[in-house]
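Here is a set of questions about how two chains meet. Each answer sets a value against the rule behind it.

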2 protein chains.
Amino acid sequence: MGKTVRKLQVVSPVPADIDIANSVEPLHISEIAKELNLSPQHYDPYGKYKAKVLLSVLDELQGSEDGYYVVVGGITPTPLGEGKSTTTVGLCQALGAFLDKKVVTCLRQPSQGPTFGIKGGAAGGGYSQVIPMDEFNLHLTGDIHAITAANNLLAAAIDTRIFHESTQTDKGLFNRLCPPDKEGKRSFSNIMFRRLTKLGISKARPEELTPQEIKKFARLDFDPSSITWRRVMDINDRFLRKITVGQGPEEKGMVRETGFDISVASEIMAVLALTTSLADMRERLGKMVVGNSKAGDPITADDLGVGGALTVLMKDAINPTLMQTLEGTPVLVHAGPFANISHGNSSIVADKIALKLVGRGGFVVTEAGFGADIGTEKFMNIKCRYSGLTPQCAVIVATIRALKMHGGGPEVVAGKPLDHAYLTENVALVEAGCVNLARHISNTKAYGVNVVVAVNKFATDSEVELNAVKAAALSAGAFDAVICTHHAHGGKGAVDLGVAVQRACENIAQPLKFLYPLDMSIKEKIEAIAKSYGASGVEYSEEAEKQIGMYTKQGFGSLPICMAKTQYSFSHNAAAKGAPSGFVLPIRDVRASIGAGFIYPLVGTMSTMPGLPTRPCFYDIDLDTTTGRVIGLS
Amino acid sequence: MGKTVRKLQVVSPVPADIDIANSVEPLHISEIAKELNLSPQHYDPYGKYKAKVLLSVLDELQGSEDGYYVVVGGITPTPLGEGKSTTTVGLCQALGAFLDKKVVTCLRQPSQGPTFGIKGGAAGGGYSQVIPMDEFNLHLTGDIHAITAANNLLAAAIDTRIFHESTQTDKGLFNRLCPPDKEGKRSFSNIMFRRLTKLGISKARPEELTPQEIKKFARLDFDPSSITWRRVMDINDRFLRKITVGQGPEEKGMVRETGFDISVASEIMAVLALTTSLADMRERLGKMVVGNSKAGDPITADDLGVGGALTVLMKDAINPTLMQTLEGTPVLVHAGPFANISHGNSSIVADKIALKLVGRGGFVVTEAGFGADIGTEKFMNIKCRYSGLTPQCAVIVATIRALKMHGGGPEVVAGKPLDHAYLTENVALVEAGCVNLARHISNTKAYGVNVVVAVNKFATDSEVELNAVKAAALSAGAFDAVICTHHAHGGKGAVDLGVAVQRACENIAQPLKFLYPLDMSIKEKIEAIAKSYGASGVEYSEEAEKQIGMYTKQGFGSLPICMAKTQYSFSHNAAAKGAPSGFVLPIRDVRASIGAGFIYPLVGTMSTMPGLPTRPCFYDIDLDTTTGRVIGLS
């Protein structure tokens, strides 16, 4: 057991999350780093309790062996959430503080929007939390702010370029893009050679271009209706969902309808999570497609001359942030892409660094967003495909509450009291609901990993109910199924889970089996995923057909697929609980994140900008100006 | 001379700023901190070369004496800038590295917008720079990002509140604002008592309110046309200057015209610069007025329930960032409000901390934005009024180039070659232009400080020209006038300036004389400032008259005045060079930053959102992905 491990004094009933978080004095981050054998040149401290671990660690540890790689997914959740983050943290507290293992927890950075809106923070809960909880939920080390800045610089570059192209001749535009220096000589900047190469122009000096080449080079010729790049903000601001820009008199009537998404929905967030190095990030940011020319050719950030500047804005964001759990085990927080329109997984670089730091016999536990149908599927087919990493074990978190809902229990609505059925024993409902768990188990097992079911126990759950879930899980092919009480007891409450995960990891050694090969057509790939949902077929809108045709023609057909689907059902219909089958999955539209590296079909309408309720969380949040402490954060 | 001082090897001709900045390996920030007697609990490191100095230092050093306080202003500049930041840094390098004085440079944090737009960075220039230059110009320690987040959370709160008020009854609104807890009991959150007090309702429980009180409390009843709060972004995005929001179907047609400013124009930036403690910042943020009710009452951030959350978002931003000059002297970078619609000065807390850290006989040199008519005037009448600090010396930076322009030289245009008149000797032009310098000297002297003129020497300046300026400065009442070559030589080139500033500080001891007392009417205060510009009178638009009446009626008449005027002339007409007089100053409109604490009359049209040119700076900016170094930043 490491020196940094801290003994928790648990109290019953479990106090509020913020009170537990504030009751523990965090260790200085240099102590957490030391325990991981990180020397001071391997990390940059950000205050006393956070540090950015530098990517150079990966180069230095290139020869070391990786630890075991565990992904945590969940069954189809209720709107209240089933404690996936809490279980991820609790499992690591058990492995590190009770089972004497090297362990790193890899978590997503939460958006600030929900922190001030409805949901509150995302640092786990009860006695399984990341601390300091306020620093985790607020600016952290500025990565999301960097994404916002980069995303919006690119957006400004698009509208301004369209404006300048509209008011200038080819020649005038070209002369401004390649202005003469003091000696009157013109030259291309480095980034311009990327566009020249793309256009097949292999000339080194501006003077050599023909008038036709000048036109091709200088005029991006945007089709304004094709622009998919939107601005972002890390705030729940529903009035920005659809806006008209360019209404100032200086913009000469060049108005355009567009909108803002929340920052974590930015493609740049998806890039951050999927990149593997600075050089790879530079390429991905440069090749992000923002729209098409009138001739139908994709226009990229590098065509706009801004791919380098975006990389500069993101150069520190690529380093994961080291924090700690309540029991002093290390946590890497990094990236937090939306789980619906994006892949919902934390970063590849954090997982890679963590696997080297824990080394052989150690454990890296990483969380995948939403239910396993979306989160774990994308973890396997997108994240692991790009990282080349192979997980040994997948945990599936279940609650009696959610299983009862899947078995036919009344609707669960956030903010309304739970129905009686959820507060008293009802084994029949639980047993009926296990069809949902069973499908998640068999889907996940198909990737070649051992599946461990973690039942996140609530005070109202009965022994018989819990045993019913264990039996159902094992008969569906789970390697093990364990009852956990980490919310009430910290790592001590997840020791059985830790032991099961260790056994699961030690008892498997097979390559990752993807759900689909990349060389399938876009439609075949969509259909393979739809089948895993229980669908009997897929129906494409006219718009979706058109987009699939376009992406295929543009050469993007071999990218993996990132389904944008509700987390509340295997199907597109959030009300269809349990394990629905035989339905036809409708694809409303198809979009692409070329820099991040995936095509994302839209199954239904996905909101990419949340709103604020009449009484947002911020009514309770304040600063105690005497102590400097945050109060009222939930 | 301190241990941290670094000997510069200067090269002639002076290389590019980025090349000089990259040629020096910065000292670890802990060394800079140690030299200032800061112990590790006094600061939070942010990487190797930056640290946030904690406000608690002020409490600990309460009993220590302050050092000398020097403000750097300038004559009316050309569009090329006259080297005010460079002179500020050079002077400090002289004092610290050559004159063996304790010294801290206090600078504003630059906006990221211009870094990627036209202007480039703002870390000084030549051999007088703050390093690392890329960290200075980019995210720094996230303060501007925090301002953006806080500003936009407040904006979202406004539109959402109007929306929810429009769809709910008084009772429904009230019940949502004070929802029942698990036991069915309702309560007010702490922040709600601020509004109750403002409304004169001294009841402790929601149940006690009468229907009329419920209406008064729950319905802010915004007059949408009165809303002055805009959203912000730290990007040059001209297409956001005027926009329409709320066009999504869920917003039910509640569209509204509004716009974005650049983040440094946010009132929250002005608050950060003028606040003196966490408790003071909490109050200022809460009382920011965002618009009026239909009855004409001001509505504040605390009325919206969000003042506490804004403070939480700004709690780390209140700590200044420690950096270093090329010669290893310490720099505090903190706040950077727009100099036109805001006060253009760095923060009070940074100056206060610096004055304690250098102690008796040490020097704090702080820069005021724009020309002395705006920057130094606001430094004295707004910043020093709120801080209670008294400067001993004001430096006025002049260049032969700008003086020639004021003497009647041809127009100076950024990006175009300079006219012959500026490159060869022309004593007559210089002498004629000194009327501009003379008025800045006499205006500044009137505050009760000694004025030292620093002539920032260019290679093309002649001895006779330089002597003419010295003579003119002395005859206008300057304490001293000194030729400086810090751009070419670093601190060594500003030793004479350092000596003059030291003598100026040692030879004065009088209280600060403000230009106007606060208890004058708004119009009298505006007229006092206009007189200092040389105006014979002031002319108010109908709108300005209306606003002055409203602010006076609302009880804001005793705030100081922050003129929003061009920096390119003493008058409102940028083309009127030299020392114009007898003109009538037109006041187009009058606005207020109640939280920051000033009324700002608009003299002409001020752009609060810059644009990008056809070929922005970002075309040259990239990351060397092998070394991790930023390239192409200017």
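Q: What counts as contact between two chains?
A: Contact means that heavy atoms lie within 4.5 Å. In this predicted model, 80 residues of chain A are in contact with 80 residues of chain B.

Q: Why do the copies meet through the same surface?
A: Of the interface residues of chain A, 100% are also interface residues in chain B, so both copies use the same surface.

Q: What makes the pair B:Lys48 and A:Asp44 a salt bridge?
A: The rule asks for a side-chain nitrogen of Lys or Arg within 4 Å of a carboxyl oxygen of Asp or Glu. The closest N and O atoms of B:Lys48 and A:Asp44 are 2.5 Å apart, and the cut-off is 4 Å, so the pair qualifies. Between chain A and chain B the count is 14 salt bridges.

Q: How much area do chain A and chain B bury between them?
A: They bury about 7100 Å², with 65% of it on carbon and sulfur atoms. A:Phe239, A:Thr614 and A:Tyr619 supply 12% of the area that chain A buries against chain B, more than any other three residues.

Q: How do you know that the two copies are related as by a two-fold rotation axis?
A: A rotation of 180 degrees, with 0.0 Å of shift along its axis, superposes chain A on chain B at an RMSD of 0.0 Å. The two copies are therefore related as by a two-fold rotation axis. In chain A, the C-alpha nearest the axis belongs to A:Tyr46, 2.2 Å from it.

Definitions and conventions:
Residues numbered from 1 in each chain as written. Chains lettered and ligands numbered in written order. Predicted model: local features only at pLDDT ≥ 70, side-chain atom pairs only at ≥ 80, totals over all residues. Heavy atoms only, no water. Buried area = accessible area lost by both parts, 1.4 Å probe. Least-squares fit on C-alpha atoms with pLDDT ≥ 70 in both.
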